[in-house]
Amino acid sequence: MGDVMLFKIGDLVTRKSYNNDTIFKITSIDNDIVYLKGVEVRLYADSPASDLNLLKESLDLDSNDNFIVSQTNESLRLDRDSFFYLPGKIVHFDGDDEYLNRCMNFYKKMKVQAYGVKLNEEDIPKEINKYLEKLHPNIIVITGHDFFYKDSKDKKNIDNYRNSKYFVEAIKKAREYEKSQDKLIIIAGACQSYYEELIKEGANFASSPKRVNIHALDPAIIASSIALSTRDKPIDIIKILSKTKYKEEGMGGIITNGMMYTGYPR
């Protein structure tokens with residue numbers, strides 16, 4: 001019990017056994033086991049208290065996100081003198097309210113119209129069409145938490161993933177609402193999700209090709225980039241993926257057109 005007394009809920013920590021590579025927030029403590037949630041990556045974990053390092057300084061997430069906004073906007077500069085623009089509308093379904101709020105702040109900074117819906121991953125398939133029929137988005141994001149059970153060897157069995165099956169079911173429901181992948185862009189998945197199955201069932205973009213963790217904002221980066229890309233030409237898929245944390249290892253997808261109308265005169 002000695003080590004656990006060093007920590008409290010809300011503390012920021014890293015794990016010694018993972019070379020302190022990921023920053024977590026402590027969500028609960030049970031005897032000597034500390035339960036963790038990734039600050040930057042969509043990841044839950046647990047750890048013995050003895051494996052944890054306490055971070056003394058706080059994180060300036062707003063500053064980090066502002067940098068990501070600037071990097072994303074760098075390739076989306078628009079001619080503001082003569083034209084006006086109508087970006088695509090996003091509805092973002094998320095199983096985690098903290099990550100959802102962070103994504104909504106990101107959309108606001110990107111000046112994109114977006115609606116956030118907090119639903120547990122297993123409830124998204126049951127509720128998704130109600131929101132699609134009400135809000136009529138051009139782009140939807142279906143995300144939350146996921147992981148591949150490492151004791152399992154078969155990456156082609158969806159039961160070996162925590163929440164991928166719910167993301168697949170939600171995609172199927174959304175494709176009942178709109179079959180065309182040109183009219184409704186779907187971005188789905190979370191950390192270590194079953195990428196191939198999500199794409200096969202109708203997602204335009206999904207995680208995770210290499211079964212790696214993804215950044216909390218990665219789905220929002222893809223969504224806002226498409227919302228701010230014009231409808232008259234295909235997106236530069238490599239450039240958009242390069243804006244995400246782990247690039248093509250974390251996210252992948254199909255080439256599609258943007259969702260923004262351009263008008264004249266301003």
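This note walks through some features of the structure shown above, point by point.

1. **What kind of model this is.** Please keep in mind that you are looking at a predicted model. The points below begin with aromatic rings, move on to a helix and its surroundings, and end with some backbone details.

2. Start with Phe84, Leu86 and Tyr261, which make a nonpolar surface patch of about 300 Å². Tyr261 belongs to strand β13, which covers residues 261–263. Is Tyr261 buried or partly exposed? Tyr261 has a relative accessible area of 49%, so it counts as partly exposed.

3. A search of the whole structure turns up 6 aromatic pairs. In one of them, the ring centres of Phe83 and Tyr264 are 5.4 Å apart and the planes meet at 55°, so this pair is called tilted. Phe83 is in the loop between α1 (61–74) and β6 (84–86), while Tyr264 is in the segment after β13, so the pair ties together parts that are 181 residues apart in sequence.

4. **An edge-to-face pair.** Now look for Phe147 and Tyr149, an aromatic pair of the edge-to-face kind. Their centres are 5.0 Å apart, and there is an angle of 85° between the planes. Phe147 counts as partly exposed, at 24% relative accessibility. Tyr149 is partly exposed too, with a relative accessible area of 37%.

5. **A cluster of rings.** Which residues are linked into a cluster by ring pairs? They are Phe148, Tyr161 and Tyr194.

6. **Charges over rings.** The charged end of Arg15 sits over the ring of Tyr18, at 3.9 Å from the ring's centre. Lys37 lies over the face of Tyr99, and here the distance to the ring centre is 5.0 Å.

7. **A covered helix.** How many residues of α6 are buried? The count is 10 of its 10 residues, and the helix is described as mostly covered. Among the buried residues of α6 are Asp218, Pro219, Ile221, Ile222 and Ile226. Ser224 and Ser225 are on that list of buried residues as well.

8. **A contact back to that helix.** Ser229 is in the loop between α6 (218–227) and α7 (237–242). With a relative accessible area of 13%, Ser229 is buried. Where does its side chain reach? The side chain of Ser229 comes to 2.6 Å from the backbone oxygen of Ser225, and Ser225 is one of the buried residues of α6.

9. **A buried glycine.** Further along, Gly250 is found in the loop between α7 and β12 (252–253). Gly250 counts as buried, at 1% relative accessibility. Its C-alpha atom is 27 Å from that of Gly10, and these glycines are 240 residues apart along the chain.

10. **Cis peptide bonds.** Ser208 lies in the loop between β11 (205–206) and α6. Another cis peptide bond joins Tyr264 and Pro265, again with omega about 0°.

11. **Positive phi values.** Asn20 is not a glycine, yet it has a positive phi of about 55°. Asn20 is in the loop between β1 (12–15) and β2 (24–30), and it counts as partly exposed at 36% relative accessibility. Arg211 also has a positive phi of about 55° without being a glycine. Arg211 lies in the loop between β11 and α6. Is Arg211 buried or exposed? At 12% relative accessibility, Arg211 counts as buried.

Notes:
Residues numbered from 1 in each chain as written. Predicted model: local features only at pLDDT ≥ 70, side-chain atom pairs only at ≥ 80, totals over all residues. Heavy atoms only, no water. Patch = residues over 30% accessible without salt bridge, like charges linked within 9 Å, V, L, I, M, F, W, Y side chains within 5 Å. Areas by Shrake-Rupley, 256 points an atom, 1.4 Å probe, with all protein chains shown as cover. Salt bridge = Lys/Arg side-chain N within 4 Å of Asp/Glu carboxyl O. Helix = DSSP H or I, 4+ residues; strand = E, 2+ residues; numbered from the N terminus. Buried < 20%, exposed > 50% of the residue type's maximum accessible area, 1.4 Å probe, protein only. Phe/Tyr/Trp six-rings, centres within 6.5 Å; stacked < 30°, edge-to-face > 60°. Lys NZ or Arg CZ within 6 Å of the ring centre and 35° of its normal. Polar contact = N/O pair within 3.5 Å; in protein donor to acceptor, adjacent residues only side chain to side chain.
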